[in-house]
Every structure is written in structure tokens, then in C-alpha cells.
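The stops below are given in the order in which to select them.

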Amino acid sequence: MEFATLNNGVKMPMAGIGTFLLSPDEAEASVLSALECGYRLIDTANAYVNEKAVGRAMKKSGVPREEIFLETKLWPSFYEQEDAVEKTLERLDTDYIDLLLIHQPAGNYVAGYQLMEKELKELLAKEGIVIQAWYPLGHGDKTLIEEPEFAKLGKKYNKSNAQIILRWHIQDGNVVIPGSKNPAHIKDNFDLFDFELTEEEMKEIADIDQKKRYYHSTPEMLKQYVKMVPPVDEQK
């Protein structure tokens with residue numbers, strides 16, 4: 001594994017498992033499979049409504065809690081609830097969260113920030129910022145994954161196109177958390193640390209950039225997020 005060092009000296013794994021759009025059963029199975037493969041970074045969120053499942057998988061895995069880097073996110077409709085962090089910890093069945101994020105800059109996100117300060121006694125870092133790629137594979141975009149440059153490099157390194165993309169992100173300093181419920185894909189998405197792209201290859205991939213985003217946010221969407229209340233108490 002390779003690590004990014006955060007401003008407070010904590011080391012964050014560069015590759016992890018994402019649980020966006022996974023049902024509780026799928027999230028539990030995926031996290032278990034990932035931990036068995038050697039993953040130690042897990043990403044979830046209030047809004048994914050699978051935090052309990054992630055907590056169960058962590059316990060079932062037998063991996064010591066201190067070896068797991070767990071991150072989750074507070075949802076806008078919870079920013080002003082004083083016990084939001086405490087309830088999140090209860091759902092995850094853990095005593096601490098390694099990285100807690102504001103999910104969307106919507107509503108009273110300042111209150112959410114202040115809540116994190118109060119509960120975690122820790123200020124957000126102003127330096128030593130680490131970028132995290134939530135859609136490192138373009139949310140399954142075939143045009144991106146089937147780009148000929150990735151196929152060429154995949155043949156050279158005996159890796160899949162997706163592995164070339166993920167390796168580029170890691171060497172560029174981005175933490176990757178691709179999600180999957182397929183055990184084979186989970187294993188492949190972690191098999192990234194036995195090869196290294198050259199500087200020239202890194203530049204060739206960067207030059208492919210089409211300035212295309214896979215996630216779009218608008219003021220209207222942010223207003224809707226404030227009204228959305230994930231059924232966190234009803235999750236399996």
C-alpha cells in the first residue's frame with residue numbers, strides 16, 4: 001500500500017473501497033471482500049444509508065479497528081443536529097471516525113463544520129490537502145475506460161484499462177475509492193502497487209484530459225439536498 005500523509009501526520013491509504021449506491025447487504029459483502037483482499041480504507045456516508053452494514057463488516061472481518069481508515073460524511077439535513085456525529089458513530093458501531101467530511105456545501109454547512117469542531121476537537125487542515133477521486137473510473141463511462149492509451153499501457157504492464165487509470169490517480173497524488181459489489185473487481189481495483197507509470201506516460205494520460213466532469217452540482221440541487229432526509233434510522 002502507498003499512503004498520503006495528512007496535515008496532522010496521519011497516514012491515509014491511497015486506495016480504498018467506496019459504498020455509494022450499495023444496499024446494506026451489498027455494502028457489507030463488498031467491505032468484507034475488500035478487507036480480505038487487503039484494503040484498509042473504507043468510504044461511506046449518512047446518505048448512503050449503509051453505515052450499519054459497513055460497521056458490521058468491519059467487526060466480522062476480524063481486522064483490528066486501528067488498522068482501518070474509516071471515512072464518512074454528514075448530510076446537509078443533519079448539520080444542525082447536535083447529536084449527528086454521535087448517531088453516526090452509533091450506526092457505524094465504532095468509537096471514532098478517521099476522516100469526517102461535510103457531504104455537500106448546502107444549507108447551514110457552517111453549522112456542520114462547527115459541529116465537527118465541537119465533537120472531534122479538531123480544526124480542518126489549511127495545508128497538506130489530499131484530493132480524493134470519488135468517480136476515478138468516470139462512473140463506469142465506457143468511453144473513458146476504453147480509451148486506447150489505457151489499452152496500450154495495460155498491455156505493457158499486463159494490467160486492465162481500469163487499473164491503469166487508478167494507478168495514474170495514485171501517482172498523481174489522488175486517493176481512489178472505486179465502488180464495486182463484484183469480488184473480482186474489488187480485488188483487481190486494489191492490485192495497483194506492483195508497477196509504476198513513467199513520467200512520460202503520466203504526462204500522456206494527463207494530456208487526454210477533456211475537462212469533463214462526471215458529477216455536476218447546481219444551486220437548485222443544493223437546495224434540494226437540504227430538504228432530503230436519508231432514512232438512516234431505518235437502515236438494515
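For accessibility, partly exposed means a relative accessible area between the cut-offs for buried, under 20%, and exposed, over 50%. The model is predicted.

Start with Glu204, which at 26% relative accessibility counts as partly exposed. Glu204 and Lys152 form a salt bridge, with 3.7 Å between the closest N and O atoms. Glu204 sits in helix H9 (residues 199–206) and Lys152 in helix H6 (residues 148–157), so the pair ties together parts 52 residues apart in sequence.

Next, select Asp191 and Lys159. Their closest N and O atoms are 3.1 Å apart, in a salt bridge. Asp191 is in the loop between helix H8 (183–188) and H9, and Lys159 is in the loop between H6 and helix H7 (161–171), 32 residues apart. Asp191 is partly exposed at 32%, whereas Lys159 is buried at 13%.

Move to Arg56 and Glu28, whose side chains meet in a salt bridge (3.0 Å, N to O). This pair links helix H2 (residues 51–61), which holds Arg56, to helix H1, which holds Glu28, across 28 residues. Arg56 is partly exposed at 26%; Glu28 is buried at 10%. In total, the structure holds 20 salt bridges.

Finish at Ala34 in helix H1 (residues 24–37). Ala34 is buried, because its relative accessibility is 0%. Leaving aside residues up to four places away in sequence, Ala34 touches Ile17, Tyr39 and Ile186. From Ala34 to Ser61 the C-alpha to C-alpha distance is 9.6 Å, with the two 27 residues apart in sequence.

Methods:
Residues numbered from 1 in each chain as written. Predicted model: local features only at pLDDT ≥ 70, side-chain atom pairs only at ≥ 80, totals over all residues. Heavy atoms only, no water. Helix = DSSP H or I, 4+ residues; strand = E, 2+ residues; numbered from the N terminus. Buried < 20%, exposed > 50% of the residue type's maximum accessible area, 1.4 Å probe, protein only. Contact = heavy atoms within 4.5 Å. Salt bridge = Lys/Arg side-chain N within 4 Å of Asp/Glu carboxyl O.
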